[in-house]
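Here is a short briefing on one structure.

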Amino acid sequence: MNQRAIPLTELDPALVEATARYRARNPASERLLNEAADVLPAGNTRSVLFYSPFPLYMARGEGCHLWDADGHRYLDALGEFTAGIYGHSNPVIQQAIVAALQDGLSLSSHTAREAALAHEIQRRFPGMALLRFTNSGTEANLMALAAATAHTGRRKVLVFNGAYHGGVLSFGGGGSPVNVPHDFVVAPYNDLDAVRALVQAHGPQLAAILIEPMLGAGGCIPAAPAFLHGLRALADECGALLILDEVMTSRLSGGGRQALLGLKPDLTTLGKYFGGGLSFGAFGGRADVMSRFDPRRPDALGHAGTFNNNALTMAAGLAGLTQVLTPAALDALNQRGERLRERLNGVFTRHAVGLQFTGLGSVMQLHATDRPLRNAADLAGTDDRIKALLFFDLLERGIFLARRGLVALSLPFGETQADEFVTALDAVVAARRPLLPAAR
Ligand SMILES: Cc1ncc(COP(=O)(O)O)c(C=O)c1O
């Protein structure tokens, strides 16, 4: 164990005191949560948003800033867990939504908008020869898995420990009691030998290998390019489909991480910001797989969904992609993210503390260790109290990130905001240094 063990007696009182200050500063959030708890379990309807002693209630957002129920202003470094790439008030998105509203909601029909958005996505992801829309990334992955099992006539799905593909496709700690009952084979991430052994054992029954090109909720741990290319080869060998979940990583370039790596999945799933900040999901890929959803076919697979082509998502998504989120704008945002991550890690190096931000481009995650991270197992034993302490301290200095440490930049988050974040982190780390693990 090369990390300095922090005596409970030092860290716990610091956390108790930071939590007490948080509680004192945020009475309106605490009251709102208590009221909500009458109708929602612990006041919560989206698990990731809850943290103890109670989560902040946000009242409004503008650009890359948020205001909470008690009137505090924050720099939004979370960007809706990567979905809020446009910030809170992009005028192009706002106008597109208003214009769509004026045309009327709920037209019970095909509209020209869904094809226009699909064309724009296909231009960026040429491997999506045919695609369909859903209401969430979860649903996109569920449908991609359904497509794979129907196409191959097989039942097993190879996934990765620590991966997150949606509320019912969650593999932190290997799996979840609320997962859908596919026959999952769980492999360690970034370990091609282990996957090869599993493919040898299960290959003829494998319908799909489903993978995020970077573990997102699992800690922003990128897959090694050779690992991803190795999976492509293994999928080909055993006749399984390779499904690339780019719900988070699509924002790493105009064509996602697959374009950066020259990787050709059979199916791709998308979500998050593609709907301009509204509910969105899409799955698509090889024409021979996706054409099973052609309703004219006698053996057509169904794919229903009242809001699959809802007017507001289609309009906001299309306006965003065509007028705002050009590949050049994405590249610039990712470069800002790379620079910010280096500077944040520079703070840790300067203070000789054993912490790090991992990630790619404009998406990153704080970890309470500086050892190299390859997969979920490498995170075992890290002390979550450290992240809690830094979270409350950063909030107090006006920086909002996920309680688990996720940071995702939005377009309005520029160099001034990066300076603000680095300055705040520097002050927090300087003040807490005796409580933080020492650098290796
Ligand atoms: C990689 C990945 N896949 C799928 C999902 C699920 O998307 P949604 O929350 O829209 O259902 C997420 C959400 O965080 C994700 O990060």
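The second largest pocket of this predicted model has a volume of about 790 Å³. Its lining counts 22 residues. Helix α4 gives the most to that lining.

**Pocket lining**
- Closest to the centre of the second largest pocket are H110, E114, L131, R132 and F133.
- Two elements, α4 (112–124) and β4, each give two or more residues to the lining.
- The share of α4 is 5 residues.
- By class, the lining residues divide into 10 nonpolar, 8 polar and 4 charged.

**Sheet**
- Strand β4 also belongs to an open sheet of 7 strands.
- The order across this sheet is β4-β12-β11-β10-β7-β5-β6, with mixed pairing.
- At the edges stand β4 (130–134) and β6 (183–187), and each of them pairs on one side only.
- From one strand to the next, the twist averages 20 degrees.
- Strands of a sheet pair through backbone hydrogen bonds, parallel or antiparallel.

**The β10–β11 pair**
- Strands β10 (residues 241–245) and β11 (residues 267–271) run parallel.
- They are joined by 3 bridges.
- Within this pair, I243 stands opposite L267 of β11.

**Helix across the sheet**

How values were computed:
Residues are numbered from 1 along each chain as its sequence is written. This is a predicted model: local features need pLDDT of at least 70, side-chain atom pairs count only at pLDDT 80 or more; totals for chains, interfaces and linings use all residues. Side-chain values use heavy atoms; hydrogens and water are left out. Two strands pair if DSSP finds at least two bridges between them. Helices (H or I, at least four residues) and strands (E, at least two) are DSSP runs, numbered from the N terminus. Axes are lines fitted to C-alpha atoms, for helices over the stretch in contact, and angles run from 0 to 180 degrees between N-to-C directions. On a 1 Å grid over the protein atoms alone, a cavity is a set of points where a 1.4 Å probe fits but cannot get out, and a pocket is an open set with protein on both sides within 12 Å along at least five of seven lines; lining residues have an atom within 4 Å of a point. Grid points are joined across faces, edges and corners, and a volume is the space filled by probe spheres set on the points. Ala, Val, Leu, Ile, Met, Phe, Trp, Tyr, Cys and Pro count as nonpolar, Asp, Glu, Lys and Arg as charged, and the others, Gly among them, as polar.
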